[in-house]
Amino acid sequence: MSLYALIKSNGPSGFGYRSTAEDVTAGVSLAGKRILVTGCNSGLGFETMRVLAQRGAHVVGTARTTGKARDAAMRIRESAEGIACELSDPASIRACVAALKAEGVPLDAMVCNAGIMALPKLEQAFGYELQFFTNHIGHFMLVTGLTDLLAEDGRVVMLSSAAHRMAPKEGIQFDNLSGEKGYKAGMAYGQSKLANLLFAKELARRFAGSERTANAVHPGVIATNLMRHIPVPRPILAGIMGLLSAVAFKTVPQGAATQCYAAANPQAAALNGQYLADCNIAPARPDAEDAALAARLWDVSEQIVAKLP
Ligand SMILES: NC(=O)c1ccc[n+]([C@@H]2O[C@H](COP(=O)([O-])OP(=O)(O)OC[C@H]3O[C@@H](n4cnc5c(N)ncnc54)[C@H](OP(=O)(O)O)[C@@H]3O)[C@@H](O)[C@H]2O)c1
């Protein structure tokens with residue numbers, strides 16, 4: 001446990017910085033529940049799949065390829081299955097949606113966890129900056145494609161990040177979604193994570209009056225493969241990470257706690273449209289509350305998806 005974790009106290013939920021995914025689901029039976037987790041083969045996604053399955057859920061884990069998803073599902077002993085969902089490939093997302101719809105079994109939660117961070121150079125998919133496309137558009141397609149399958153009290157959990165604060169000052173650069181008018185790695189990641197947050201907020205507005213919920217989470221700072229694009233040689237990065245982990249980083253079980261809390265803890269059924277960190281409601285950037293911005297992002301995302309091959 002890091003030094004920082006030792007001095008942090010729990011919040012009103014009874015959980016906090018130190019809580020692990022197992023802590024926040026202790027005593028919760030997820031028997032009979034079916035939960036989708038994207039990015040199940042690595043980091044927080046694998047831990048989320050492992051712990052939700054341990055509590056009795058049947059977890060549908062997605063990864064870029066069928067092989068990666070199935071390997072991850074096989075690494076846990078409990079009930080899990082793996083299915084391909086490459087979030088930068090609309091055909092793969094559509095196939096994933098179609099396969100789950102064909103099975104017709106309701107989803108009790110969707111944990112939209114997969115993501116990429118801080119690509120050093122501009123990369124694109126279908127003309128859109130790749131972090132915006134993968135982290136936001138890919139999940140937008142997946143969640144809107146599967147909403148019919150979401151249980152009446154189903155929960156959507158979007159992985160945002162404290163890095164949403166690094167988004168451009170105007171929020172979303174609608175006139176630069178290609179990245180071609182200027183690209184900064186951190187800002188582009190921040191924009192994609194603000195988009196995840198705005199999507200959760202807009203979804204929550206659309207769920208109002210039902211028992212469905214949508215929330216966004218910041219998991220903490222955890223040394224995972226997410227850091228792979230940081231332009232420092234791997235051995236040096238590993239050394240820095242090791243040092244920082246002892247002082248300040250969360251462990252992977254701690255990092256997966258907030259998304260497991262939002263997806264599975266009974267307390268969280270009462271939360272809708274919230275931004276959570278350390279398993280408690282947390283303040284987000286002021287424009288995360290901008291309903292017009294969130295509605296515009298939804299409309300633009302629909303237009304983008306409609307034109308994809
Ligand atoms: N770690 C942190 O400090 C931190 C902080 C704030 C927010 N987050 C968020 O937490 C989430 C999980 O991150 P992590 O730390 O667990 O990172 P990670 O270990 O790198 O896991 C990311 C997962 O996303 C998958 N993925 C990436 N691109 C994809 C694509 N195009 N299609 C489908 N899957 C894709 C990865 O698959 P491959 O293994 O095949 O690449 C992997 O399974 C991310 O959304 C991240 O933004 C993390």
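The legends below describe close-up views of a predicted model, beginning with the ligand and its surroundings and then turning to the sheet.

View 1. The largest pocket is the space that the ligand takes up.

View 2. The side chain of Lys68 places an N or O atom 2.4 Å from an oxygen atom of the ligand. A polar backbone atom of Asn113 is 2.8 Å from an oxygen atom of the ligand, and a polar side-chain atom of Lys193 lies 2.9 Å from an oxygen atom of the ligand. The ligand exposes 890 Å² when taken alone, and 97% of that area is buried by the protein.

View 3. An open sheet of mixed pairing is formed by 8 strands, which follow the order S3-S2-S1-S4-S7-S8-S9-S10. Strand S3 (80-84) and strand S10 (280-281) are the edge strands, each of them pairing on one side only.

**View 4. The pairing of strands S4 and S7.** Strands in a sheet are paired by backbone hydrogen bonds, in either a parallel or an antiparallel manner. Strand S4 (residues 107-112) and strand S7 (residues 150-159) run parallel and are joined by 5 bridges. Within this pairing, Met110 has Val156 of S7 as its bridge partner.

How values were computed:
Residues numbered from 1 in each chain as written. Predicted model: local features only at pLDDT ≥ 70, side-chain atom pairs only at ≥ 80, totals over all residues. Heavy atoms only, no water. Polar contact = N/O pair within 3.5 Å; in protein donor to acceptor, adjacent residues only side chain to side chain. Areas by Shrake-Rupley, 256 points an atom, 1.4 Å probe, with all protein chains shown as cover. 1 Å grid on protein atoms, 1.4 Å probe; cavity = no way out; pocket = protein on both sides within 12 Å on 5 of 7 lines; lining within 4 Å. Sits in = over half its atoms within 2 Å of the grid points. Pairing = 2+ DSSP bridges. Helix = DSSP H or I, 4+ residues; strand = E, 2+ residues; numbered from the N terminus.
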